[in-house]
There are 2 protein chains.
Amino acid sequence: MSEKLIVIGGGAAGMPIASHVREKDQDMEITVFTKDRHVAYSPCGIPFVLSGEISSFEELVMHDVQYYKDKGIDVQTNTEVTAIDLGGKSIIAEGKQFDYDKLGIATGSLPLIPQIPGMDKKGVYSLRNLEDGKKVKEAMNNAEKAVIVGAGPIGLEVAAAFIKVGIDTTVVEMTPYVLPCVLDPDMASLVQSRLESLGVKVMTGFPLGSINGSDHVEFVTVGKEVVPADLVIMCTGTRPNTCLAKQAGIEVGETDGIKVDSAMRVTEDVYAAGDCVEVTNYITNRPCLSPLGSSAVRQAKVAAESICGGSAEFDPVLSPTVCLIGDLQVGSVGVTSHVAKQAGLIPVEGKAKGLTRARYYPDAKKIDVKLLFFEKRLIGAQIISEEGVKERIDALSLAIKSGMTVQQLLRAETCYAPPVSMVVDVLTLALEDVIDL
Amino acid sequence: MSEKLIVIGGGAAGMPIASHVREKDQDMEITVFTKDRHVAYSPCGIPFVLSGEISSFEELVMHDVQYYKDKGIDVQTNTEVTAIDLGGKSIIAEGKQFDYDKLGIATGSLPLIPQIPGMDKKGVYSLRNLEDGKKVKEAMNNAEKAVIVGAGPIGLEVAAAFIKVGIDTTVVEMTPYVLPCVLDPDMASLVQSRLESLGVKVMTGFPLGSINGSDHVEFVTVGKEVVPADLVIMCTGTRPNTCLAKQAGIEVGETDGIKVDSAMRVTEDVYAAGDCVEVTNYITNRPCLSPLGSSAVRQAKVAAESICGGSAEFDPVLSPTVCLIGDLQVGSVGVTSHVAKQAGLIPVEGKAKGLTRARYYPDAKKIDVKLLFFEKRLIGAQIISEEGVKERIDALSLAIKSGMTVQQLLRAETCYAPPVSMVVDVLTLALEDVIDL
């Protein structure tokens, strides 16, 4: 009789686990349970539906249930798993018991909503799945003044979307600068300036105090200020969705993510991947979360390999990220100065400003780079420009993992053509800035 | 008394030698001699002035003579150096003798013009410097049918420029496919298709036979075919300009480039950089040329460091390149399959097609990648897309130099956001294609 794999969760980790296992094992009986209506959609695309760049939420759905059925993967949508019995190797979904030989936990994350007075007012939304997205899109039709709480990548992408469609938009961030998890303050100020030039009001250094109004939100308070608002979007981050796992006795780490080994194994025959797991930071060697679609997909591949008896390993993470705020691409990899210092690594900084094309070429964009080194080795990078950010971040991600020193990086040749680069790349300029120190 | 540096050549190697020496040494007396009218201009930009992307040739001039004078660098334009006396440590320019303590040779390259009957007809041009560019631009005004000889990067950029302004354009390439020095045939066919879709006629596998006409060119012959033309541009490559060096007794290598050590030193107190020098191919370890602006600038920096008594080294080259043909960016680094096989390295290939943005994001561009491995290590890469080529080539250039294996490359995390990437980068897909072999 063929083995049974149950996957809990139909997102960026769950569906790839199922698909990769199917590719490797034609016999395994595979069932995916998700309480969501959709599977295999791209939550990262939600802000761009809000902005109108993408015409509908349906565009974000990559595959439907039939697609997986045709591959021999049974997907049960709108079906919540309510218990895992590790000893009995079964789960309970909608009151029924399903046995497994192998279990994949990919329960993702939940919005991390701070307890603020008035959170229950109408007009207050979080933004985690397509249904949330649809509600917000609907609410935008009648909104004149919005407050976005949280200046992380999603918050700022949403802010840019709101201002684009003509909604008066304020971003409230409790830390002293925007994108605090991915940028240093000096780089963050470039993003804040851009937001402000688009017309977004940015309030940093104060948490949201309260949400007020008779029934529907009318204004919020931030420090001593009152900000009128008929729409409030909580973009205050996420936390691993590990309730089910914890109830089953599965161990979570200090980040509240599920503990896994490098094979993404939780315990015998149980594997986990995606936003719900705790991973290790490559630079600091400390436990961390990496709630990124790209990380989920990589982890899923390793989990699938392990489920099929292979020997893949998931490395400690650098979590390279990029987001698009208006026309501005903001990328980051490795640690920020703040995280480095927290870990006792006092970084040496190299900074440079350059252009993405020859000075004389039309539409050359400014590009700002900051590199962080510790003991001559690259540990972090931040890049801001209207083009060429993602690929440079990927290059530096690779450079960090291969342990390259400043000198080795400087020896790497870069290519040149006037329409796509300066003769000396901005990364080289930033490296030369370090050399002088 | 301060030392005297003479630099011969005012291009992408000569001027940086002078500038970097000045940065390091405020006392050195620096004179640059060039037979050109301009210094410090970008010949790589010429095709884009022809296409009209850039409004005038003057835009390509980065700095004028006064700029250098203000830095204490004496630049003698329109001044040809006719002899070097290594023993006497002097040069002759315009009949006058100038003594040096250190000499920098940056004489660049000359067009490599094949001996073809009718080459002396009116309407036949090469394209090496700004003056050539101006003549061609002028000739384009009255041209209806052009033949571009040579399907290298410059030839194809010029072809794209010609077709853009409405000139009936044919490219003639004697090897069986376009861009033979930077692409494999399968990747070259993508470029040829694009050229043809733009309306360029591409004839490969036959050399230009003859150029014909009474006084002005009227037609050319290619194999048995007759191609009408009132304008012929010879883009048949370059050769090192080493006449002066050879006359002085300076040794050239098998490529006809000046032999230098890793400090860019020719002989005591004499240094060379740029298109005129012979370098070593990083993959094959054989002598080669690297006639790229980017290589010239890197070499100039090393030469300047050496002139000032430093200890910089110029590494064997991967010569990453990128060119823009219409909207298509074509990039390459390391060796092609052909060059690898010539060197006895039978490559393993990984290929992938992807998109530069999420499938559902507007204006996602196709991207084609080919990777070449030998004994599990990356030795070459070719990428074609309308965006994101240059930076990926730079990343792979870095990967080759750090000796990364397929497995190590697969472990490098890449970042993701729908407007700028797929969740799994096309490079990862190409690596996975190799893994299966």
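The model is predicted: local features need pLDDT of at least 70, side-chain atom pairs count only at pLDDT 80 or more, and totals for chains, interfaces and linings use all residues. Residues are numbered from 1 along each chain as its sequence is written, with chains lettered from A and ligands numbered from 1 in the order in which they are written. Helices (H or I, at least four residues) and strands (E, at least two) are DSSP runs, numbered from the N terminus.

**Interface**

- 57 residues of chain A are in contact with 56 residues of chain B (contact: C-beta atoms, placed from the backbone, within 7 Å).
- On chain A, at least two residues each come from helix 8 (293-307), strand 23 (321-325), strand 24 (328-334), helix 10 (389-401) and helix 11 (406-411).
- Helix 10 of chain A gives the most, with 10 residues.
- The chain A side has 31 nonpolar, 14 polar and 12 charged residues. Ala, Val, Leu, Ile, Met, Phe, Trp, Tyr, Cys and Pro count as nonpolar, Asp, Glu, Lys and Arg as charged, and the others, Gly among them, as polar.

**Helix 10 against helix 10**

- The axes of helix 10 of chain A and helix 10 of chain B come within 8 Å and cross at roughly 10°. Axes are lines fitted to C-alpha atoms, for helices over the stretch in contact, and angles run from 0 to 180 degrees between N-to-C directions.
- The two helices are therefore roughly parallel (angles under 35 degrees).
- Residues making the contact include A:Glu391, A:Arg392 and A:Leu398 from chain A, and B:Glu391, B:Arg392 and B:Leu398 from chain B.

- In chain B, 3 strands form an open antiparallel sheet in the order 13-14-15. Strands pair if DSSP finds at least two bridges between them.
- Strand 13 (208-212) and strand 15 (225-228) of chain B are at the edges with a single partner strand each, so one side of each lacks a neighbour in the sheet.
- Neighbouring strands of this sheet are turned by 25° against each other on average, direction ignored.
- Strand 14 (219-222) and strand 15 of chain B pair over 4 bridges. B:Val220 stands opposite B:Val227.
- In chain A, strands 13 and 14 pair in the antiparallel sense over 4 bridges. A:Ile211 has A:Val220 as its bridge partner.
- The hairpin of these chain A strands has 6 residues between them, and A:Gly213 takes a positive phi near 155°.

**Helix 1 of chain B**

- Buried residues of helix 1 (14-24) include B:Met15, B:Ile17 and B:Val21 (buried: 20 or more other C-beta atoms within 10 Å of a residue's own, placed from the backbone).
- The buried residues of helix 1 pack against elements of chain B including strand 1 (4-8), strand 2 (29-33) and helix 8 (293-307).

Note on methods:
Contact = placed C-beta atoms within 7 Å. Buried ≥ 20, exposed ≤ 12 C-beta atoms within 10 Å, placed from the backbone. Parallel < 35°, antiparallel > 145°, perpendicular 65-115°, else oblique.
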